[in-house]
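Please look over the packing and side-chain contacts of this protein chain. A short report is wanted, with the cut-offs stated.

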Amino acid sequence: MARSNASSRVATTRRDFLKASTTVASAATLGVLNVGAYAGAGDIIRLGMIGCGGRNTGAADQALTADKGVRLVAMCDIFMDRVKAVREILKKGKPEQVIADDDHCFAGFDGYKKVIESSDVVVIANAAKFHPFHALTAIQAGRHVFVEKPHGIDPLGMKTMKKAADLAKQKGLC
């Protein structure tokens with residue numbers, strides 16, 4: 001994919017942004033999110049968080065910083081107090097972009113399903129044993145995925161993540 005420069009950022013489409021972010025996500029680590037493409041004028045990219053620890057808080061902040069058209073619309077974690085605390089932290093820095101209301105903040109083991117339903121792009125940084133399953137579920141739903149390392153912690157997890165990556169290619173998500 002060609003790199004975007006300052007003069008082409010205005011013409012870059014939402015699809016280009018999602019392809020660029022998917023490429024970055026599959027490339028490596030969550031530590032540096034340097035997206036070189038931007039949503040076109042008027043486009044909104046709905047971002048969802050699965051996991052509300054420090055790593056995913058940083059990833060969500062980076063995604064919101066990458067483009068003013070990104071909106072954090074849904075969040076989940078095992079603990080609701082963590083979801084609400086992270087929402088407030090992110091809202092302080094980007095109040096116009098953090099629009100996840102109480103009805104889109106989820107707690108428990110099945111909250112990821114509702115985040116996936118609400119989002120265009122899902123950032124996953126929770127317990128590593130769930131990464132492959134959550135990524136595969138999001139890709140099956142046609143969502144773009146950004147998942148922290150490790151992508152899998154055992155042979156079954158790695159097979160599941162490979163299946164997710166192959167499916168993402170088939171669906172044109174990367």
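## Basis

The model is predicted: local features need pLDDT of at least 70, side-chain atom pairs count only at pLDDT 80 or more, and totals for chains, interfaces and linings use all residues. Residues are numbered from 1 along each chain as its sequence is written, and side-chain values use heavy atoms, with hydrogens and water left out.

Helices (H or I, at least four residues) and strands (E, at least two) are DSSP runs, numbered from the N terminus. Buried means under 20% relative accessible area, exposed over 50%, and partly exposed in between (1.4 Å probe, protein chains only).

## Nonpolar cores

A nonpolar core is a set of buried Ala, Val, Leu, Ile, Met, Phe, Trp, Tyr and Cys residues joined through side-chain atoms within 4.5 Å. The largest has 21 residues. I50, I124, I139 and V145 have the most contacts inside it. Elements giving two or more residues to this core are β2 (70–77), α4 (111–118), β4 (121–124), α5 (131–140), β5 (144–147) and α6 (155–170).

A second, separate core has 19 residues, including I45, L47, V70 and L72. In soluble globular proteins, nonpolar side chains tend to be buried together.

## Aromatic pairs

Rings of Phe, Tyr and Trp (its six-membered ring) pair if their centres lie within 6.5 Å; planes under 30 degrees apart count as stacked, over 60 as edge-to-face and the rest as tilted. The count is two pairs. F109 and F130 form a tilted pair, because their planes are at 55°, with ring centres 6.1 Å apart. F109 lies in the loop between β3 (105–107) and α4, and F130 in the loop between β4 and α5, so the pair ties together parts 21 residues apart in sequence. F109 is exposed at 62% relative accessibility. F130 is partly exposed at 26%.

Y112 and F133 have ring centres 5.6 Å apart and planes at 70°, so this pair is edge-to-face. Y112 sits in helix α4 and F133 in helix α5, 21 residues apart. Y112 is buried at 8%, whereas F133 is partly exposed at 43%.

## Helix α2

Helix α2 has 13 residues (54–66). Its expected span is 1.5 Å times one less than its number of residues. That gives 18 Å, and the end C-alpha atoms are 18 Å apart, which agrees. Its buried residues are N56, T57, A59, A60, A63, L64 and A66.

## H144

H144 is in strand β5 and is buried, at 9% relative accessible area. A polar atom of its side chain lies 3.2 Å from the backbone oxygen of L173.

Definitions and conventions: Polar contact = N/O pair within 3.5 Å; in protein donor to acceptor, adjacent residues only side chain to side chain.
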